[in-house]
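Trainee: I would like to learn how to read the features of a model one at a time. Please give the general idea and then the case at hand.

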Amino acid sequence: MATDETFPLDPPRPRALPVPPPIGETAPARRILIGAAIGFLALVLALPLAGVFTEGLRKGLGAYLAAFADEDALAAIRLTLLVAAISVPANLVFGVAAAWAITRFSFPGKSALITLIDLPFSVSPVVSGLVFVLLFGANGLVGPWLAAHGLKVIFAVPGLVLATIFVTLPFVARELIPIMQAQGSADEEAALTLGADGWTIFRRVTLPNIKWGLLYGVLLCNARAMGEFGAVSVVSGHIRGLTNTMPLQVEILYNEYDFVGAFAMASVLALLALVTLVLKTILEWRYGDELARSARH
């Protein structure tokens, strides 16, 4: 049956709202911001770093190199490398295990574990060193038992290692936890469905996905381990040639007005930090595309 009703071919369209102009800084504002950032970095980073090397070389290259001929200085360098070589792998293993447990499982005390991982960030290193003294010192809770069995922790290398492990505990775990949470467990579940065992899943699936976060956490952990002062100062006893790490040796030389020796030793710490930064930059430049794909995974 015919009808006289007519229908519009197109429904009425809503009126488009005006597009606001893009927000941006003017050229003078950009130059001011960039100049302020560069000036701040030069003030707090470049100038102190240049001052360390300038003071170390003030009396010439011969005096600078002679500072490292001292047996106490060499012992401090060896001890620093030894402590870092023990504490960094220990925190690497703990960080991977803790991040795996936190991101892949639900268990009682999970929140408490996360809080404990962050504890070294909120506790002064000096206080943490004092805690180890109260635990393992001669008059501590387990100190008499250790002494009876010929074991020494405080004022010895084990105490330095324990204090360093504590202050560097969060770095690896805190880098891995958000990465593994964002990636989820779909890849591991797929590998498990295909018959892979736990070690194969970790080696072929999990580790390639987290390797960049793991590397970054290890670099931060190593830099902090070599430069730690507060905690190791409490537990070391400042025994020359035995328990003095490089930061402690710098303090001793400076207090003895051996400025060339102090700044020469400090320059080694600065060089180690720069090497760490350069390695990180090179790896990011060399494998930047792979790093971006891993972040988007």
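Trainee: Which residues does Val153 touch, not counting residues up to four places away in sequence?

Mentor: This is a predicted model, where local features need pLDDT of at least 70, side-chain atom pairs count only at pLDDT 80 or more, and totals for chains, interfaces and linings use all residues. Residues are numbered from 1 along each chain as its sequence is written, and side-chain values use heavy atoms, with hydrogens and water left out. A contact means heavy atoms within 4.5 Å. With that rule, Val153 touches Phe136, Leu146, Pro158, Gly159 and Leu162. Phe136 is 17 residues away from Val153 along the chain, and their C-alpha atoms are separated by 6.3 Å.

Trainee: Where does Val153 lie, and is Val153 buried or exposed?

Mentor: Helices (H or I, at least four residues) and strands (E, at least two) are DSSP runs, numbered from the N terminus. Val153 belongs to the loop between helix H6 (143-148) and helix H7 (157-167). For burial, the classes are buried under 20% relative accessible area, exposed over 50%, and partly exposed in between (1.4 Å probe, protein chains only). Val153 has a relative accessible area of 12%, so Val153 is buried.

Trainee: How many helices and strands does the chain have?

Mentor: The chain comes to 14 helices and 0 strands. Of its 297 residues, 33% are buried. Among contacts between residues at least 6 apart in sequence, 71% join residues at least 24 apart.

Trainee: What does the span of helix H10 show?

Mentor: The expected span of a helix is 1.5 Å times one less than its number of residues. A straight helix of 30 residues would span 44 Å, but H10 (residues 198-227) spans only 36 Å between its end C-alpha atoms. The next thing to check is the bend at each residue, which is the angle between axes fitted to the seven residues ending there and the seven starting there. In H10 a kink of about 60° lies at Leu207, shortly before the proline Pro208.

Trainee: How does helix H4 read by the rule for spans?

Mentor: H4 (residues 110-122) has 13 residues and reaches 19 Å from its first C-alpha to its last, close to the 18 Å expected. H4 still has a kink of about 25° at Leu116, shortly before the proline Pro120.

Trainee: What volume does the largest pocket have, and which residues line it?

Mentor: On a 1 Å grid over the protein atoms alone, a cavity is a set of points where a 1.4 Å probe fits but cannot get out, and a pocket is an open set with protein on both sides within 12 Å along at least five of seven lines; lining residues have an atom within 4 Å of a point. Grid points are joined across faces, edges and corners, and a volume is the space filled by probe spheres set on the points. The largest pocket has a volume of about 190 Å³. Its lining consists of Val52, Ala223, Met226, Gly227, Ala266, Leu269, Ala270, Leu272 and Ala273. H10 and helix H13 (259-286) are the elements that give two or more residues to this lining, and H13 gives the largest share, 5 residues.

Trainee: Which residues line the second largest pocket?

Mentor: They are Val44, Leu45, Ala46, Pro48, Leu49, Val52 and Leu277. Helix H1 (residues 27-56) supplies the largest share, 6 residues. The volume of this pocket is about 150 Å³.

Trainee: How many cavities of 30 Å³ or more does the structure hold?

Mentor: The structure holds 1. The largest cavity has a volume of about 40 Å³, and among its lining residues are Thr80, Thr164, Met226 and Glu228.
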